[in-house]
Protein chains: 2
Amino acid sequence: MNSHSVFASIITIGDELLIGQTIDTNSAWMAQHLNQIGVWVKRRVAVGDNREAIWQTLDEELNQSDIILITGGLGPTADDITKPLLCDYFGGKLIVDPSALNHVKYVFEEILKRPLLERNLKQAEVPDNCTVLLNKRGTAPGMWFEKQAAGTDKKKIIVSLPGVPHEMKGLMTDEVLPRLQHAFKMPRILHRTLLTAGAGESFIAERLQEWEEELPHPYKLAYLPSFGMVRLRLTGIVTNENGSNTIDQLFSELKEKVKDILVLEEDIKIEERVSQILKQKEKTVASAESCSGGYIAHLLTSIAGSSAYYKGTVVAYSYDAKENLLGVNPNTLLTHGAVSSETVKEMLSGLLSRTGADYGIATSGIMGPDGGTADKPVGTVWVAVGKKDNIISKCFHFRFDRQRNIQLTAAHALLFLLRFLEQEEA
Amino acid sequence: MNSHSVFASIITIGDELLIGQTIDTNSAWMAQHLNQIGVWVKRRVAVGDNREAIWQTLDEELNQSDIILITGGLGPTADDITKPLLCDYFGGKLIVDPSALNHVKYVFEEILKRPLLERNLKQAEVPDNCTVLLNKRGTAPGMWFEKQAAGTDKKKIIVSLPGVPHEMKGLMTDEVLPRLQHAFKMPRILHRTLLTAGAGESFIAERLQEWEEELPHPYKLAYLPSFGMVRLRLTGIVTNENGSNTIDQLFSELKEKVKDILVLEEDIKIEERVSQILKQKEKTVASAESCSGGYIAHLLTSIAGSSAYYKGTVVAYSYDAKENLLGVNPNTLLTHGAVSSETVKEMLSGLLSRTGADYGIATSGIMGPDGGTADKPVGTVWVAVGKKDNIISKCFHFRFDRQRNIQLTAAHALLFLLRFLEQEEA
């Protein structure tokens, strides 16, 4: 971060964030997109539906940042206090905005086909000293305020957006980001990210220590461990033209240093890389899931265009389902148990013949909290991957809670398949 | 919020939060659990890996709150600056804690079976003026500091925790929450939440306006719209004994007022309610998913103990898979298309006979961004629910992006099944 940077604060409003009823996904999305246009997010603050708290937070953040983005607190119900507050804060008065009014009427009459209430009309009220940003996806408009920073010729920008994620995203994309690019001369924030597997954070740090210490200003390296793998992120904020040459060169050096544990050279998910390879080979994939319970299917089908390479999934929890839906031999289940190399291999082989998929993944394990034995404690998971004439399997030992074990199983099963696909290429 | 409340601030540290690489799920979990013991979270602040920013945030939050919980910035790599900073902030010096050191050695030698590095030993270093909280699930210990508030006899408590979610949760549950309960005399924060479907936020607000205005202090109502449904939350912070009688009475009134649109009387998920009913009836469920891509399976199997009532799922994206795995008649697909009442009904019927499940859900739709037609635009989804001799179907029209359409489909399909199960009971 250097003196040329444009700084932003994100303020999210709503008691639901403070009592933990809602997970804030808006801030991450906003930060990502601000970064892409060269804005560095300095702080993110969540405050309750409380006038004094919001006022004070606005004061604090205006002291620090050039841009303040506010989400939440604009709905039609009584717990919303943001709009009158903003009106007072910037010394304006509430007026009805004709275009916002037309839009509210249109949404109720044409889309929702519900009668329009007095309180919906109030959504078209805005402070008279803001620029109204039309919200195509909802009824609460966005509001754009500008303020001269005290004692300077610098301008501060404050934008209030609804908290509903798809409305916020639409307004950011259509209105806020283009306007911000126009309002400031931005530096470029460059990131290069890779994913490693098979070595711990401290081991990687040991290996990279010297190189990291010699990184030129303003580049820095961050370690992001997740699900037993470690993501490495190289970041630089640059104003000159050559920034991307330098970061690309540094990134090449980094890749070379971790090449034995390198999984991905981009900031994408493992399932995205799997889908790229399958599309390129024009091959298909399917999954037979016991313990992962459909989560691998969900990850594979969350990618747009997945119908090109994804065939289908059978989630078979019970012995019955493993026999009937996947053709697992009852003797295999009796002799080796559901959580065994033999069972996952038969699940996969049955899946491939039933779906006609070229490649597949099968999982069976004990996710907890119950179901563990001395032999096979909670966290024991067998995974098979491969194709018709070449199926391999592997046992994993995870720990801890159910949710995490499901995610770990999916991540490592997809990595296992990715390695299989890469081996074939080699 | 009244003067008897104990206030907390949550500070999360890490550039990954500010560039949007990570979604902060820790804060919501912490807030929920703080609430349960009577602590009101006043603010949540995310700051980067930057000494000045963290120092300033600590100053600000100590001005506002009795308790400061910090997560992140304690890993073994070079981007971690939190520990030396806390040491300086509270005027201590770093020493090696013998119990933390033994634990780090144990984790590397016995669990990870990896050689121990110099930098891992540093994880056992702690400021000499804190209480060390043993982290059973990782190597970075928690640190508990106490500070007299200037000019009063009130005590402020600052706790630093690792950012890895399951490590943070373990430390909170085992150490932090019990110690906080001991350190403060807590009020009780009472919440009652219900879920409605079928009426918009403003409509409900209109209906409840008078009642809401007459709510006695300190009770308040909040509206939380999500996925086309609206959650209503009644909250009160009370110090006397009768608080829960009062809130239960108010909650009964509220339920009565929305009984025609009431879905759930508790703050649980629809799939949890479905699972309760199935367990009680000793019946089983399965799903046949096209457009929801296994997400319904994931929701159903995320609940601990789901093997008691969950049979299995077939995710069938292609015509092939619908025919081979679910026995859908090719003529049905040709005549009516994959996204039709006829197809989802046949998917469900094939699923029920193949899995032997008592109840089931089937989905087929167009999630986007591609695949829409004039007839069936993106967001068109057919859902069937029911049992062998009674299958019903319904068409939904969602909009917008793929991720949201998948979630909307799952939520409304589960609600559709819940209504079916309730009808049977009636």
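In strand 14 of chain B, V314(B) is the bridge partner of V314(A). The model is predicted: local features require pLDDT of at least 70 and side-chain atom pairs count only at pLDDT 80 or more, whereas totals for chains, interfaces and linings use all residues. Residues are numbered from 1 along each chain as its sequence is written, with chains lettered from A and ligands numbered from 1 in the order in which they are written.

Strand 14 (residues 310–316) of chain A pairs with strand 14 (residues 310–316) of chain B in the antiparallel sense, over 5 bridges; pairing requires at least two DSSP bridges between two strands. Strands (E, at least two residues) and helices (H or I, at least four) are DSSP runs numbered from the N terminus. The two strands belong to an open sheet of 10 strands with mixed pairing, in the order 17(A)-16(A)-15(A)-13(A)-14(A)-14(B)-13(B)-15(B)-16(B)-17(B). Strand 17 (390–397) of chain A and strand 17 (390–397) of chain B form the edges, each pairing on one side only.

Helix 14 (residues 341–355) of chain B comprises 15 residues and spans 21 Å from first to last C-alpha, close to the 21 Å expected at 1.5 Å a residue, the expected span being 1.5 Å times one less than the number of residues. Because 11 of its 15 residues are buried, helix 14 of chain B is largely enclosed by the rest of the structure; a buried residue has 20 or more other C-beta atoms, placed from the backbone, within 10 Å of its own. The buried residues include V344(B), M347(B) and L351(B). G356(B), with a positive phi near 75°, follows helix 14 of chain B.

Technical notes:
Buried ≥ 20, exposed ≤ 12 C-beta atoms within 10 Å, placed from the backbone.
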